Amino acid sequence: MKNILDVRFPEELNSQNLVRVNCPICRENGQSHYSMKINDINLGLQYCDRDDLWWVSPRPNKDFYSALYTKYFYNSPCPNQFGYANYEEDGERRSQKAIKNIEDFVPFVSDLAKESLLEIGCATGELLIEAAKFGWKELCGVEIDPKCCETCRDKKINIYEGFFEDINFNNKKFKSIFADNVFEHVLNPDLFMEKCSSLQDEGDFLIYRLPETEQPGPRLKLVDHTYHYTRKSIKRIFEKYNYAVKEILYTGTYTSDDGENRIINMTVIGVKNGNN
Ligand SMILES: [Zn+2]
C-alpha cells in the first residue's frame, strides 16, 4: 500500500494509543487506501465509496491531538501536514480574510440569523469583530488555543475556552453558527453535529468553510484533518443531523509551498429543519 505521510512530532506516540474509527455516515469501516506514519507509527487513510469520504484510521487518540493543538498548531514542525509554521501576525490581513468569509455567506442568510453568532475556532476574533459591522448583534467565540483566548479577552470578546464538544453553554442558543477550517479537524463529527443541533432551532443557520477533497484523495494536512469531505459527503452529514444544505460555494484555493499540491475550499450553508 502506498505511504503518503512520514512525519515526526516531539510528542510521544505508541501503537497502544491508536483508535480505529468508522465512516460517520454509514458506520461501515470503509476501504484502506493509503498508509501514513507519525513518529514511525503506522496509521491509515480509509475511504467510503458510498459516501465519498476519506478519514484517518487507525489514528492517534485525543490526548495526542490535544497536545499537538495546544503546543504545535502555530509552531508546527511540518506545516504542509499540520498547523502553521507561525501565527499570522498581520491582523489587517486576518480582518480582510474575515470580511471575505462573511461576504461569501451573508447573501444567503436571513435577517433573523443576525440576532446571534457563535464562531467555533475563532482564533483571535477578527470574524466576530467584523460580523458586528455586518449587523450581527450577540457574538460569541470558542477557541482551544490558550494564547488566542487571551487575545480575545483583551478585545472584550465573549470567549469559551476548550473543545467545543465539551463546553456547557447553559441552554444558550444561536441563530447562526460559523466554523472556518474546523470541521475537518474534529475527532467525532457525530458529537460535533449533535452539539451544533442542540444549540439551534428550526430555520437557524449552520455554516462551515472547509476543504473540498479532490480525487484521488488528500495529500496535504494529513495529520490534523481527521476527515476529508467532498460536496457529497458534507451534504450527507448535514442531512443526517436534520440540516438542509441550501448552498455550497467555492471559496478559494490554497497551494502548498512547493506548488505541487492544493486544497480547494468550500463554504456550506445549512438550515435547520423543523421536525427534530
Ligand atoms: Zn460511509
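Biologist: Two strands pair if DSSP finds at least two bridges between them. With that settled, in which sense do β8 and β9 pair?

Modeller: Parallel, over 3 bridges. In that pairing, E143 stands opposite E161 in β9. Strands here are DSSP E runs of at least two residues, helices are H or I runs of at least four, and both are numbered from the N terminus.

Biologist: Before we go on, what kind of model is this?

Modeller: A predicted one: local features need pLDDT of at least 70 and side-chain atom pairs count only at pLDDT 80 or more, while totals for chains, interfaces and linings use all residues. Residues are numbered from 1 along each chain as its sequence is written.

Biologist: Thanks! Through which helix does the chain cross from β8 to β9?

Modeller: Through α4, residues 146-154, in a right-handed β-α-β crossover (clockwise from the first strand over the helix to the second, with the strands pointing away from the viewer). β7, α3 and β8 also form a right-handed β-α-β unit, and β7 and β8 run parallel with 5 bridges between them.

Biologist: What's the strand order in the sheet of 7 strands?

Modeller: β9-β8-β7-β10-β11-β14-β13, an open sheet with mixed pairing. β9 (159-161) and β13 (243-255) each have a single partner strand, so one side of each has no neighbour in the sheet. From one strand to the next, the twist averages 20°.

Biologist: Which strands does α2 touch?

Modeller: Helix α2 (residues 91-105) packs on the sheet against β10, β11, β13 and β14 (262-272), and its direction makes about 50° with that of β14. Contact means backbone-placed C-beta atoms within 7 Å, and angles run from 0 to 180 degrees between N-to-C directions of axes, which are lines fitted to C-alpha atoms, for helices over the stretch in contact.

Biologist: New topic: which residues touch the most other members of the largest nonpolar core?

Modeller: L53, L118, I177, F205, I207 and V268, out of 64 residues. A core joins buried Ala, Val, Leu, Ile, Met, Phe, Trp, Tyr and Cys through C-beta atoms within 7 Å, and buried means 20 or more other C-beta atoms within 10 Å of a residue's own. β11 gives the most to this core, with 5 residues.

Biologist: And what does L118 touch?

Modeller: C140, V142, F174, I177 and L199, leaving out residues up to four places away in sequence.

Biologist: Last one: what's the order in the sheet of 5 strands?

Modeller: β1-β3-β4-β5-β12, an open sheet with mixed pairing. Its edge strands are β1 (3-7) and β12 (227-228). β5 (residues 53-56) pairs with β12 in the antiparallel sense over 2 bridges, and W55 stands opposite Y227.

Methods. Contact = placed C-beta atoms within 7 Å. Buried ≥ 20, exposed ≤ 12 C-beta atoms within 10 Å, placed from the backbone.
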